[in-house]
Amino acid sequence: MNKVFKKKGTLYLITDRTISGLSHSEIARQAISAGVRIIQLREKNMSRKALYLEAASLRSLTSRHRATLIINDYVDIALAVNADGVHLGQDDMPIKEARKILGRNKIIGISTHNLKQALRARKAGADYIGFGPIFSTATKNAGVPKGINSLAEIRRHITIPVIAVGGINIENAPDVLKAGADAIAVASGILSGNIRENVRKFLQVL
């Protein structure tokens, strides 16, 4: 797990078909070709069978390129395709139960929105926390933006990797890293427009 976020300033892509108009597989193919090495498959509207097939395709692609694949929400699909891990929300399966299913060597991350949730996640055995939204975002209804100062406060109390998410773009990414994020999670900032070019711009900044 530590190897995944060993390099500070890691770019963590969250897929979204509604933003890009592309399949998850095509999003991943373009992003990986430009240098992304961590991809979270996030999909809320597919059937479970279709999502499994998409996840299996991404697993094949990420394996060939030695990239990390995280499945959003679905522990069973993460297990079925041998993904590197799962990302859970506050209302998803508890970390303890997900760990029983996936085993010790898989990555388990969880979305958090305040210090209490972050501390609880660390205690429960999360490998990393996602914290946000840092800024206003239209990608999902994630609540009131937390801001840079809240991220810095989380960093002071949390020893596991902190992935900042929500409204992060080329301009504000450096400030997010200075506040203590180990990685930045991006969807629209990469998927709106030319994916390869957007990835290259982020990697230059990071």
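Colleague: Is Ile101 buried, partly exposed or exposed?

Modeller: Ile101 counts as partly exposed, at 38% relative accessibility. Buried means under 20% relative accessible area, exposed over 50%, and partly exposed in between, with a 1.4 Å probe and protein chains only. This is a predicted model, where local features need pLDDT of at least 70 and side-chain atom pairs count only at pLDDT 80 or more, while totals for chains, interfaces and linings use all residues. Residues are numbered from 1 along each chain as its sequence is written, and side-chain values use heavy atoms, leaving out hydrogens and water.

Colleague: Where is Ile101 placed?

Modeller: In helix 5. Helices (H or I, at least four residues) and strands (E, at least two) are DSSP runs numbered from the N terminus.

Colleague: And which residues of helix 5 are buried?

Modeller: Helix 5 covers residues 95–102, and its buried residues are Ile95, Ala98, Arg99 and Leu102. Down the helix axis they fall within an arc of 105 degrees, so they line one face of helix 5. That arc is taken over the directions from the helix axis to the C-beta atoms.

Colleague: What do the buried residues of helix 5 pack against?

Modeller: Helix 4 (75–80), strand 4 (85–88), strand 5 (107–112) and helix 6 (115–124), with contact meaning heavy atoms within 4.5 Å. The face turned away from the buried side carries the exposed residues Lys96 and Lys100.

Colleague: Arg99 is on your buried list. What does its side chain meet?

Modeller: Arg99 and Asp127 meet in a salt bridge, 2.9 Å from N to O. The cut-off is a side-chain nitrogen of Lys or Arg within 4 Å of a carboxyl oxygen of Asp or Glu. Arg99 lies in helix 5 and Asp127 in the loop between helix 6 and strand 6, so the pair ties together parts 28 residues apart in sequence. Both Arg99 and Asp127 are buried.

Colleague: How many salt bridges does the structure hold?

Modeller: Nine. One of them joins Asp73 to Lys44, with the closest N and O atoms 2.4 Å apart. Asp73 is in the loop between strand 3 (68–72) and helix 4, and Lys44 in the loop between strand 2 (38–41) and helix 3 (48–64), 29 residues apart. Asp73 is buried, with a relative accessible area of 17%.
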